[in-house]
Amino acid sequence: MTAKPKSPAAEVQKDDSMLLQKAMMAKHYDRLANAKENGEKVASTFVPGNLNELLMCFDLVNNLPEVNAIQSGLRRQSGGYIMEAERSGHSEDVCTYVKSDIGMMAKGNIGPNGRKLPDPDVLMLSYTGCFTFMKWFELLREQYKCETIFLQTPYLADGKVTPNMVQYMVKQFKEDVIPKLEKVSGVKFDIDRLREYLKKSAKAEDDLVHVLQSAKNKPSPIDAYFGGIYYIGPIFGAFRGTDDAIDYYRFLRQEVDDRVAKGLGPVTPDGVMQEEKYRLVVEGPPNYTSFRQFWKMFYEEGATVVASSYTKVGGTYDFGFRHDPDRPLETLAEYCLGVYTNRSLPMRIEMLVNYINEYEADGLLINSIKSCNSFSAGQLLIMREVEKRTGKPAAFIETDLVDPRYFSAANVKNRLESYFQMVEQKRSGAKKETAA
Amino acid sequence: MKTFVGIDLGSTTTKAILLDEAGDVIGRGITNSRSNYDTACSVAKQEAQIDARFTLFRRAFGGEGGGAEIDTFLADLERSFRLEQFLEQLGDLEETCVRQVRGDRFEKQADAVKEALKEVFNRLRGEAPAMFGPDAERKSDFFRDIAGSRYLEHAENVAREAGLSYDLMLNVYDKSIIAVENRPPSGSLNEKFRCALDRVRAGDVSQAEADAALLSRISGMLDIELEESYVVGTGYGRVTLPFPKEHIRSEILCHGLGAHMMYPNTRTVLDIGGQDTKGIQINDQGIVENFQMNDRCAAGTGRYLGYIADEMNMGLHELGPMALKSDKPSRINSTCTVFAGAELRDRLALGERREDILAGLHRAIILRSMSILSRSGGVADEFTFTGGVAKNEAAVRELRKLISENYGEVTININPDSIYTGALGGAEFARRAAEGRMDGIEDDIAEGAVA
């Protein structure tokens, strides 16, 4: 989830944690590329409901097709991949992560480091609210003819995790997931090993939450959406439960604390943001094909994102959940149940309202993704309800994940500028009222 | 006197509004948008200043009785002024055309072409006074449209008479009009006003006996400077305007405020422009509460009607009246602008009547607007419809029907000057900014001005 590596634009500013994160991601892609050579087996899985600690118990290397699609988007490869997938019969409206992945496979499955990604030995599908994931892995199963494990996470339609839900999932772990992983990997499951990893996860999670909540400061030292995407990279991917993750998040925390102490704003590609004029909460994934241009539309206007729902798709930690080594399987179940994509509309509303209040934001911005029905369904309702409950203005923009054809810069900029001016206008209207 | 200017640089037309210190509109100006935005902008502004002069004249003489006489006089003066303006631009066009006549393409014909051009422009100048006569009707007031259609006709005749290629004449014109259009307006306005006054005095246009005292008062009033106190730009081309950033406002905010100024009870605004359809919710102060607009796709916007008009070889303003003749509108689902022509030909091939197809197309546009409106929060009383499409009766009829079906009884406002809504909002932002009232002006200036 980093920006382009070895970008020719040397003037692009990155803080040290971003460089560290980039190095970690590069290291992981190398590990994937070398996996077969090194005799390592590979599990493909998804970010929401990513069971990295469990996979590590079987010495499996974690490969995330979504992240590969994001990398392709950032590297401007996804457009070609998507067209390739469309040629092979996938329609225009299909999730562009899927099409980018399918197209990438068709073109030799070359990863961001220019090396071939390994064929998976197992497909670990933890279904956490996104229906497309099932169809995606159906396609991958057809392609790779390998073991496919389907872990069903009950949807939080009633807004809470019940003991039944947890038991149901633990049963799946015991009776289906673990036996199959043992078979594929040839490694016997050791629950103490799992506990060790979970302990490490919790440690990194503490620091991540500290970083995300640093945005409550004014000015916020981080951008919790564009910058947030760098921050979640390791923990949403192959590093949760590792010492590397602990080190990274400790380092990041230190860096962010330093910025708070100095009263500095977020680091953007054009340097430290000078003036924080707008504090926003953003719902929905970003656009990756024009990531930097998109970000610029915010920081140029002095807009910082102080909280976002997207940085919770791979786990929601800021409301108290931590991986618990004392209840290893239960905690994995609870983790899956709590990810953002598995939350009902009222839960999402609750969360966004909470963010606007807690982070003293000026309003809500929804980036609606054309090819993501999972996120988009109900977003206008969410917007109305959040507006009603917070009294803060909201706005709606439309882009796509990794399909460059669906990013119209002029249109997005127009709406964003209108929104910022609307916030400004409402704010001075309110000031006038207070003065009167 | 102080004036406050709002400029709305749209994809089709550029509009300008001049407000006085009391916030009253004193001038409106419009021109076709063109590749040089600065020029489009200054032409529209100049047009608004011309209009403002006449408002000032009317104000000055308004309270003195003898209304009809003054009106006739001012109408004469305006026509004379327009004629002066036209002749000046024609002169520019002629010079530009002559300069184009060079190079291999013309070989030995250069002199003949120059001679032909001279003849064409003589004829154009000869008929010009009649074009600006008291009862003359013009299809458009844009120089490009008037000069273009007349040039083509004369050039065809002159070319035939002289045994020259018409294409050659056409080519010279095409190249020249673009250059002329993108040059900023030249010459002093007052100069043109004085020429126009002379023309009226000479009885060139007016039958009425012009009163010498009146003429000299008008002449004196030209010395009142229209000072540009603050300018705000909006519209899709706003970022290219040569203004500092804080003088640029989003068209959504400008449309909201403009609609509020026209109808203070407005709560919902629908604007269908050349490439955007916007649904805007505003509060009792004209402040935007919410908005939605078409996304990457320009289906069902004004441009769609433009394509349809081209496909049918009709004028844009003729579409509405024809659609109104239909009693059995076709059912059309797609409002894709690019496919508009295909859809149309398909329907015609199936034997559907033109008026029915047009009625169906208008309905389809309004249906798409209804979707944008509902996403922006629905329709609240009062509802104001703005933008070029608000001039189209067939679109308005469908809109009234669908609003009443979906939202019940709602007051629907359509202002004859609705095309100026964005510019009006911009001008009001300008006036407020200059007054130090900061509703809607960027914080840094706001604080700078207050502190």
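Visitor: Where does C195(B) sit?

Guide: In this predicted model, C195(B) is placed in helix α6 of chain B, which covers residues 189-201.

Visitor: Is that spot buried or exposed, or partly exposed?

Guide: C195(B) counts as partly exposed, because 18 other C-beta atoms lie within 10 Å. A buried residue would need 20 or more.

Visitor: How far is C195(B) from F57(B)?

Guide: In sequence they are 138 residues apart, and in space 17 Å, taken from C-alpha to C-alpha.

Visitor: What about chain B as a whole, how many helices and strands?

Guide: Chain B has 15 helices and nine strands. Its C-alpha trace spans about 65 × 65 × 45 Å along the principal axes. Of its 451 residues, 43% are buried.

Visitor: Why does the radius of gyration of chain B agree with a compact globule?

Guide: Because a compact globule with 451 residues would have a radius near 22 Å, and chain B has 24 Å.

Visitor: Switching to chain A. In what order do the strands of the open sheet run?

Guide: The order of the four strands is β2-β1-β3-β4, with parallel pairing. At the edges are β2 (60-63) and β4 (147-152), each pairing on one side only. On average, neighbouring strands are turned by 25° against each other, direction ignored.

Visitor: And how many bridges join β1 and β2(A)?

Guide: Four, in the parallel sense; β1 of chain A is residues 41-45. K41(A) has L60(A) in β2(A) as its bridge partner.

Visitor: Which helix lies across those strands?

Guide: Helix α7 of chain A, residues 163-185, lies across β1, β2, β3 and β4, and runs at about 160° to β4(A).

Notes:
Residues are numbered from 1 along each chain as its sequence is written. Chains are lettered from A and ligands numbered from 1 in the order in which they are written. This is a predicted model: local features need pLDDT of at least 70, side-chain atom pairs count only at pLDDT 80 or more; totals for chains, interfaces and linings use all residues. Helices (H or I, at least four residues) and strands (E, at least two) are DSSP runs, numbered from the N terminus. A residue is buried if 20 or more other C-beta atoms lie within 10 Å of its own, exposed if 12 or fewer, and partly exposed in between; C-beta atoms are placed from the backbone. Two strands pair if DSSP finds at least two bridges between them. Axes are lines fitted to C-alpha atoms, for helices over the stretch in contact, and angles run from 0 to 180 degrees between N-to-C directions. Two residues are in contact if their C-beta atoms, placed from the backbone, lie within 7 Å. The radius of gyration is taken over C-alpha atoms; the globule rule is 2.2 Å times the number of residues to the power 0.38.
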